[in-house]
Amino acid sequence: MTTRLSTDHRRAVRRVLLITLGLNLLVVLLKSIIGWMTGSLSLLADALHSITDSANNVLGLLTNQLASPKPDRDHPYGHQKYEAVGALAIAAFLGTACFEILQSALERLFLEETTVTMNATALWVMLGILAINMVVAFYERRVGLRLKSHLLTADAHHTMSDVWITITVIGGLIGVWQGLAWLDVALAFPVALLVLKSGWEVLRENLPWLVDEMAIAPEAIHAQVMQVPGVINCHNIASRGLLGRQVFIDMHLIVEPTDVPRAHEITEQVEARLDQVFGPARITIHIEPYDYKSPHISY
């Protein structure tokens, strides 16, 4: 059995989360000040929504501390699924944000409008806030993809939802400024759908990992194993985990040699090949008798 572990990127992830936490707190402060200056209830609500970005960063820091790839006695397969749990919590925040947007839009449709005082200074500050959110989102996504961190990419999705909300608020404030009060409400509904789409993408990326969905097609594993000299066949192939991050592969193997040392040498060659192609991987191989036959590649 080969046990090469995935690289521990927690320190790099933690550094990104600390940087984005500082920027998100700055965004909350600026939105609160501008909201108080202009009297915009929607902007103050947006500031409250931005607090969830900071809460996500704090949650991410706690999750990242727990998500060690190194196994221990109580967690022999490592702790990396804690990161997926954190990503699902972010998906829940995205769903909450979608509900908040729709609720605010409906209230503004049926309730009396609040007087908003808009000026050029407030608009420029809001554009600066928008720029900060976009930098945070793209920075988190770029580093998350490089480190294969689902936590960072999920948080980037959430930050992008804040970008669209901020755009909606800016558009609405400009619309009110120009006498087009309906524009703010009209823009809110498509933004809610975009936030919902981001939440669905986070769920789609993380649920397969949590429920041990197949990581690699058994046919692909079979094709690689059959290229190793001395292998007759392999079957009952199963895999789980996250390809490129950490996968676990189990299989039954039939080899030409009948003595244990030579059969073991071939299994090591199989493990090395699979780890090179699909690794980092932990691979468990069960040797079958020479004359054993099975028509099934997988379960």
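Biologist: How many helices and strands does the protein have?

Modeller: This is a predicted model. Its pattern along the sequence reads β-α-α-α-α-α-α-α-β-β-α-β. The secondary structure comes to eight helices and four strands.

Biologist: Which residues does the UniProt annotation "transmembrane region" cover?

Modeller: The annotation comes from an unreviewed UniProt entry.

Biologist: How far apart are the end C-alpha atoms of residues 12–34?

Modeller: Start with the secondary structure. Residues 12–34 are 100% helix and 0% strand.

Biologist: Is Arg11 buried or exposed?

Modeller: Arg11 sits in helix 1. Its relative accessible area is 65%. Exposed means over 50%, so Arg11 with its 65% counts as exposed.

Biologist: How many salt bridges are in the whole structure?

Modeller: One joins the side chains of Arg240 and Asp212, at 3.9 Å from N to O. Another joins those of Arg262 and Asp259, with an N to O distance of 3.9 Å. The search of the whole structure gives a count of two.

Biologist: Arg240 and Asp212 meet in a salt bridge. How many residues apart in sequence are the parts it ties together?

Modeller: Arg240 belongs to strand 2 (residues 231–242). Asp212 is in the loop between helix 6 (182–210) and helix 7 (218–225). The pair therefore ties together parts whose separation in sequence is 28 residues.

Biologist: How exposed is Asp212?

Modeller: Its relative accessible area is 36%. Buried means under 20% and exposed means over 50%. Asp212 falls in between, so it is partly exposed.

Biologist: What about Asp259, the partner of Arg262? What is its relative accessibility?

Modeller: Asp259 meets Arg262 through its side chain. Asp259 counts as partly exposed, and its relative accessibility is 29%.

Biologist: What share of the protein's residues count as buried?

Modeller: A residue is buried when its relative accessible area is under 20%. The protein has 299 residues. The buried share is 46%.

Notes
Residues are numbered from 1 along each chain as its sequence is written. This is a predicted model: local features need pLDDT of at least 70, side-chain atom pairs count only at pLDDT 80 or more; totals for chains, interfaces and linings use all residues. Side-chain values use heavy atoms; hydrogens and water are left out. UniProt positions are given in the numbering used here, feature names are shortened, and annotations may be inferred rather than shown by experiment. Helices (H or I, at least four residues) and strands (E, at least two) are DSSP runs, numbered from the N terminus. A salt bridge is a side-chain nitrogen of Lys or Arg within 4 Å of a carboxyl oxygen of Asp or Glu. Buried means under 20% relative accessible area, exposed over 50%, partly exposed in between (1.4 Å probe, protein chains only).
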